Amino acid sequence: MVATNPETIGAESARNWRDWWSLNQRKVVPYLFITPTLAIFLVFVLFPIAYSAVISFFKWNGISEPEFSGLKNYLRLLEDPIFWTSLQNTVNFTLGVVPLSMAFGLLAALGLNRPQLPGRAVLRAIYFLPFVISAVATATTAGWIFGDTFGVLNKMLVELGLKKVQWLTNRHTAMMTVVIVTIWVRLGFCMLIYLAGLQSIPPDLVEAARVDGASRWQQFRHITFPLLKPTTFLLIVLNIIYSFEVFDLVFVLTNGGPGYATTVLTVFIYNSAFQTQRVGYASAIGIVFMAIIMTITLIQWRISNEGGRIS
Amino acid sequence: MANSAMSAAPYTDRLSLQAKERLATFGVWLALAAGALIIVFPLYWMLATTLMTREDAYSRELILAPPQIIFDNYVNGWNNSPWPRWYGNTLIIVVTSVAGLTLFGLMSGFAFAKYQFRGRNLLFLLILSTLMIPLQVLLLPRFLLVARMGWANTHWSVIGPHMADIFGLFFARQFMLEIPDELLEAARLDGAGEFTIFTRVVVPLAKPAIAVLVILGFSARWNAFAWPLVALTRQEMYTVQLGINYMRGYYFTDFPAVISMVVVSIVPILIMFLAFQRYFIEGIARTGIK
Amino acid sequence: MRKLPKFLLVVALLALMLPGSLAQDATEITFATWGNTTELQMFNDMIAAFEELHPDVDVTILERPGQGYRDQTIVEMAAGTAPDVVRAGFRGDFAFYAHAGGTIDLSPYLEEGFSEDFFPAAWTIASVDGVPYGIPFMTDTHALFYNVDYIEQAGITVPTSMDDCWSWEEFSDMSRHAMDNSDADFGHAALWNGKRWMLFLYGNGGQVLTDDLSESTMDSEAAIETIAWTKSWYDDGLAPFSTSMKLSERADELFINGTIAFFISGSWHLPNLRENMVSQRWDITYLPCTENGVDADLGGNGFAVTRDSDNPEVAAEFVKFITNTENMKYFAEQAFFNPVRYSSLEGLSYPEFNDMMLLFAEVAETVDAHHASVQGLPLFPGIQNIIQDELDLAFVAGQSAEQTAQNIHDKINALLAEE
């Protein structure tokens with residue numbers, strides 16, 4: 001019989017463990033590193049979304065027992081004019097915000113990229129400032145500025161002998177006002193990302209074109225803008241996702257009114273769930289909405305990959 | 001040399017070229033300054049409103065600057081509600097969740113950038129795809145979950161979900177991709193374990209990324225609205241944004257007082273931004289967008 | 001860098017401690033309410049008095065914004081974390097919470113004949129099928145506020161009794177007259193919602209639902225007329241668009257700063273007007289009426305006990321305490337509401353605006369019984385939303401009165417069919 005000394009075994013297994021660890025840690029460690037993030041997403045995002053998907057097949061006011069209702073919520077959605085209005089509003093909002101905030105952002109970035117520009121840092125800071133202000137603060141102030149009667153803007157128009165504008169109380173102008181406020185917020189962000197893109201363009205390239213006699217517009221059109229393509233693409237993706245998911249600003253500024261003129265999908269979902277207590281229905285809208293965003297993003301992905309860019 | 005062509009040109013032409021350039025710069029400056037004025041105006045108006053009497057603020061005449069400057073609105077707004085408590089809540093929530101999202105973002109960004117492991121791309125895509133989920137769908141089920149966990153009306157109900165951030169993860173990963181593999185290999189050859197590599201090599205190198213994560217995270221968490229609105233129903237647990245919303249929904253709106261509290265709520269974020277602007281902009285430039 | 005983890009630890013500990021430190025030995029009752037400074041002060045006084053009577057009970061008041069109060073309550077009921085006592089409005093809240101199982105039957109805690117002291121309309125609204133799911137606390141109604149300076153400028157005299165009330169047409173004329181002949185930019189505005197609009201509908205002999213509450217009658221001639229008339233306020237430029245259903249500017253502020261000459265709303269504005277409408281004089285009179293009927297806005301609220309309460313008996317005791325004769329009277333006097341107990345009317349005297357409060361009380365008596373029963377339905381929040389959204393489309397988005405009536409009609413019927 002061989003007397004086994006427990007201490008030796010302990011030491012041995014510890015050594016084994018250490019050997020195993022030094023051999024395999026590169027395989028194990030990445031999982032350890034991603035565990036917290038993954039856990040948070042599983043618990044606070046994926047689980048609720050699965051839950052929401054289940055609820056979407058029920059009729060439920062949030063408090064009493066849910067009643068299974070099959071596809072009823074989804075069918076109802078197709079017939080609900082407010083759903084289509086809100087989808088249209090979301091699209092309109094996106095079509096207003098994305099190109100305009102990017103165009104203004106690009107213009108500002110091109111201007112700010114001039115090396116001899118006086119007060120560059122100050123201007124850059126000012127343009128970016130609105131981005132760090134909360135949507136609640138922005139919307140509260142915007143409601144105050146764009147008010148029909150109390151609003152300083154209308155008072156200024158009157159002073160100039162012009163007519164008042166129903167910034168937030170007319171179904172044709174309300175969305176425009178929301179878009180204007182959003183551009184105020186987003187312009188600086190687009191500017192900053194573009195500025196970063198511009199600074200990564202080697203100056204000799206543009207300089208060479210200039211020496212070759214290219215006009216400013218030609219330099220931009222044939223050198224700068226094509227080189228900014230990845231930046232532009234990134235901004236399009238980020239801005240579309242932002243615009244589709246815009247909530248705080250609209251919720252506080254107009255709560256979807258007047259009528260349904262600014263009811264975007266997120267506001268519609270929120271109001272369906274919390275104000276009219278149709279939690280099942282709200283979940284169904286949410287699931288459909290998610291499918292729409294995913295489709296759009298997939299298409300964008302395709303386009304970008306076809307352009308020869310693999311992330 | 002390219003310059004030789006330039007120096008061959010007549011002196012006067014070069015001068016006019018320089019003058020033209022200067023003129024163009026001035027024109028651009030003028031346009032940018034005009035834009036800046038438009039951008040600053042709402043902020044100015046915010047401030048001006050808070051320094052006016054209620055009568056002046058609601059006046060039917062155009063009053064562009066407070067006729068006499070008063071601070072009553074700040075006093076009224078501040079005394080109207082338990083703001084110290086709300087700022088305390090916000091600070092606890094923001095600091096804890098930013099610490100979490102920075103640490104976890106760096107860890108997972110590092111893992112996704114610098115390791116080969118099974119399921120890497122799938123998991124990364126999975127996490128990225130949650131960006132496409134509108135928050136409003138999650139609110140109620142997430143609240144039911146949080147309540148079940150006993151977290152309803154605690155700071156944790158907000159901190160928990162806010163401790164991971166897709167943009168943070170994405171930025172961190174992009175940044176880590178730029179760290180040369182040789183550096184990590186060299187550390188490994190020196191006998192460093194993976195954790196040591198992370199804490200001793202990666203984290204020090206990632207300081208600019210940390211700055212971006214902290215600043216972006218801070219502003220996002222400070223400004224968060226929809227989820228706290230649902231998760232925190234007890235007034236004593238409110239954050240600053242909920243406080244402003246509370247004041248707006250108050251029986252009688254005293255707008256100058258509300259706006260003065262809006263101004264106060266913006267101050268910390270402005271200080272943060274102005275103090276760390278440089279890191280922030282450099283960070284985005286370095287990490288982003290290649 | 002080395003200091004960072006310790007700092008984080010401290011913060012994390014702090015975060016852990018804060019929510020936990022509230023635990024206590026006493027029976028804790030949480031009471032969620034909205035309210036202005038005066039009201040909250042009075043609630044706090046009542047709580048102090050209650051705690052003196054019951055030293056083992058600790059009542060915590062949870063202040064919430066009036067806007068979104070229901071949303072929050074529902075979310076909490078869904079999660080099983082609702083406060084013990086919630087405030088519920090006369091807009092179907094009692095029935096909705098009860099129907100969904102969020103609140104409990106209070107009859108085990110009420111003595112025989114407890115309800116007899118209460119105004120029947122208010123008691124009915126707080127009950128479902130005769131079972132009390134809450135105790136009403138106060139009621140309020142609307143009248144016509146007017147800017148005395150403007151009325152004098154325009155040479156208008158206002159009705160001095162309910163029988164003299166202006167017809168709808170007369171009122172529109174007066175509104176225009178005041179707008180044209182005084183410094184007012186607009187004639188009038190209301191602080192609207194779907195519920196408040198119903199006073200004109202019932203005042204015009206219309207009804208939201210049939211007598212047995214089973215179907216919509218919103219396609220009636222009376223309904224179309226009422227929509228057309230209230231829509232004409234905006235179409236004719238008498239009322240500012242910003243005061244439509246989904247308001248963007250508050251009508252009370254427009255009245256205070258002299259933009260409008262007439263203002264339709266309730267008595268709770270009195271303290272605000274006293275404090276802030278200092279440069280101009282103001283008063284109240286009767287709302288315009290028709291020959292077809294008479295009605296008034298039925299505003300008000302009370303309290304219910306939730307199923308999530310661990311101490312329903314104590315919670316019910318607390319609700320009974322704050323709604324007792326003395327407290328109800330005291331609250332009504334200080335916050336300018338009307339009580340809903342007969343016994344609270346005895347010796348009721350308001351420290352200010354006594355005459356105005358008498359006028360409000362007089363108007364409140366005219367609330368139509370059917371109107372009250374509709375507001376007591378669990379579906380009423382849904383009905384109100386429909387009315388509100390469609391009227392907003394009529395007022396600001398050009399939807400015709402007929403189309404609006406039809407849409408409301410169809411949507412209410414769809415809502416009724418769902419149940």
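Predicted model: local features only at pLDDT ≥ 70, side-chain atom pairs only at ≥ 80, totals over all residues.
Reader: How many residues does the contact take from chain B and from chain C?
Author: Residues are numbered from 1 along each chain as its sequence is written, chains are lettered from A and ligands numbered from 1 in the order in which they are written. Contact means heavy atoms within 4.5 Å. By that rule, chain B gives 36 residues and chain C gives 47 residues.

Reader: What is the area buried between chain B and chain C?
Author: The size of an interface is often given as the accessible area lost when the parts come together. Buried area is that loss for two parts, taken with a 1.4 Å probe and summed over both. Carbon and sulfur atoms give 59% of the area between chain B and chain C, and the whole is about 3,400 Å².

Reader: Which residue of chain B meets Asp185(C) in a salt bridge?
Author: A salt bridge needs a side-chain nitrogen of Lys or Arg within 4 Å of a carboxyl oxygen of Asp or Glu. The rule finds two across the interface of chain B and chain C. In one of them, at 2.9 Å from N to O, the partner of Asp185(C) is Arg60(B).

Reader: Which element gives the largest share of the side of chain B that touches chain C?
Author: Helices here are DSSP runs (H or I, at least four residues) and strands are E runs of at least two, numbered from the N terminus. Several helices of chain B each supply at least two residues of this side, including α3 (54–57), α5 (83–114) and α7 (135–148). The largest share, five residues, comes from α5(B).

Reader: Which two residues form a disulfide?
Author: A disulfide is a covalent bond between the sulfur atoms of two cysteines, and here the rule asks for sulfur atoms within 2.5 Å. A search of the whole structure finds one over all chains. With sulfur atoms 1.8 Å apart, the pair is Cys165(C) and Cys289(C).

Reader: Is Cys289(C) buried or exposed, or in between?
Author: Buried means under 20% relative accessible area and exposed over 50%, with partly exposed in between (1.4 Å probe, protein chains only). Cys165(C), at 15%, is buried. Cys289(C) has a relative accessible area of 22%, so the class of Cys289(C) is partly exposed.

Technical notes: Heavy atoms only, no water.
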